[in-house]
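Please read it alongside the sequence and the coordinates.

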Protein chains: 2
Amino acid sequence: MPLTKAIYASSKDAEHAFYDAIHRADIEAFMNVWAEDEDILCILPGGPRIVGYSNVRETWRHILDGRQRFTMRLLNTMVMPGPLFAVHNLQATVMLAGDNPELQGQIVPILVTNIYIRGALGWRLMVHHASPTQSEGILSEASSTLH
Amino acid sequence: MPLTKAIYASSKDAEHAFYDAIHRADIEAFMNVWAEDEDILCILPGGPRIVGYSNVRETWRHILDGRQRFTMRLLNTMVMPGPLFAVHNLQATVMLAGDNPELQGQIVPILVTNIYIRGALGWRLMVHHASPTQSEGILSEASSTLH
């Protein structure tokens, strides 16, 4: 555990830290973005509700341990700002890697709703709801940005 | 259009009105629950982002015009209350009807995040994000409550 916890001055700062932690597969930095609350909620594409700090941590520890298996690309974020809470909605793609040739290179477009709240210790993530989407727009945008 | 608009005293009241309007296929009552804001956001299972009052209205007008084709059942709601905003997360099922024998009777479990904000005119819906889920828990609960 880090000795001092990062404090995020805005929901954008918190979100940057969130995806940076995923990219670096840093579970401590990742969990630092979440509110320390038993009501935090995480939904991954097609998956069930994951509720509470320890359950979210356990799920993502598994995901980040296998970090070679996907690459996430953020394409477009819509922000609904507020003084005490903010909602971010992201278009993104997950590119699958790994040993299965049928999955390797497959690009899955997703939509994500992230809800941040401002507390005494700055902005924290309360809800992460990610789901598959069939949007043509996302895939064509992804094709043009993937190299 | 109704001459007077309903004002919801709580996010639960707004949510009740939302699903009641879907059940009754009442597009005016349904749209009354939404904030009159160009930033309102609606994501249906597997679908793209729908942004803005007129786009949300047009999409749901089509859905509610074909209202015989599905039945929605709300199974479990988790509420994160707040003085100015509230997040509701619902487990639900959509039972498909219609002419296609392959789809008829199929039960699709979904998860929904609804974000409500409190304004001068009471509580209104800002974001509706619905997505498919594979949760065994939802399906088994649905089986026991569907008759």
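How many salt bridges does the rule find across the interface of chain A and chain B? The rule finds 0 salt bridges there, where a salt bridge is a side-chain nitrogen of Lys or Arg within 4 Å of a carboxyl oxygen of Asp or Glu.

This is a predicted model, in which local features need pLDDT of at least 70 and side-chain atom pairs count only at pLDDT 80 or more, whereas totals for chains, interfaces and linings use all residues. Residues are numbered from 1 along each chain as its sequence is written, chains are lettered from A and ligands numbered from 1 in the order in which they are written, and side-chain values use heavy atoms, with hydrogens and water left out.

In the interface, 31 residues of chain A are in contact with 31 residues of chain B, contact meaning heavy atoms within 4.5 Å. Because 100% of the interface residues of chain A are also interface residues in chain B, the copies meet through the same surface. The area buried between the two chains is about 2,400 Å², of which carbon and sulfur atoms give 66%; buried area is the accessible area (1.4 Å probe) that two parts lose on being put together, summed over both. In chain A, the residues that lose the most area to chain B are Arg49(A), Phe85(A) and His129(A), which together account for 26% of what that side buries.

The count of residue pairs in polar contact between chain A and chain B is 12, with both residues at pLDDT 80 or more. A polar contact is a pair of N or O atoms within 3.5 Å; within protein, one must be able to donate a hydrogen and the other to accept it, and residues adjacent in sequence count only if both atoms are side-chain atoms.

**Salt bridges within the chains**

| Pair | N to O distance |
|---|---|
| Asp26(A) and Arg24(A) | 3.2 Å |
| Glu28(A) and Arg57(A) | 2.8 Å |
| Asp20(B) and Arg24(B) | 2.9 Å |

Asp20(A), Arg24(A) and Asp26(A) are linked in a network of salt bridges. Asp26(A) is partly exposed, with a relative accessible area of 24%, and Arg24(A) is partly exposed at 43%, given that buried means under 20% relative accessible area, exposed over 50%, and partly exposed in between (1.4 Å probe, protein chains only).

In chain B, Asp20(B) and Arg24(B) are 4 residues apart in helix α1, so they are separated by about one helical turn; helices (H or I, at least four residues) and strands (E, at least two) are DSSP runs, numbered from the N terminus.

**A buried serine**

Ser11(B) is found in helix α1 (residues 11-24) of chain B and is buried, with a relative accessible area of 9%. The side chains of Ser11(B) and His88(B) are joined by a polar contact of 2.8 Å.
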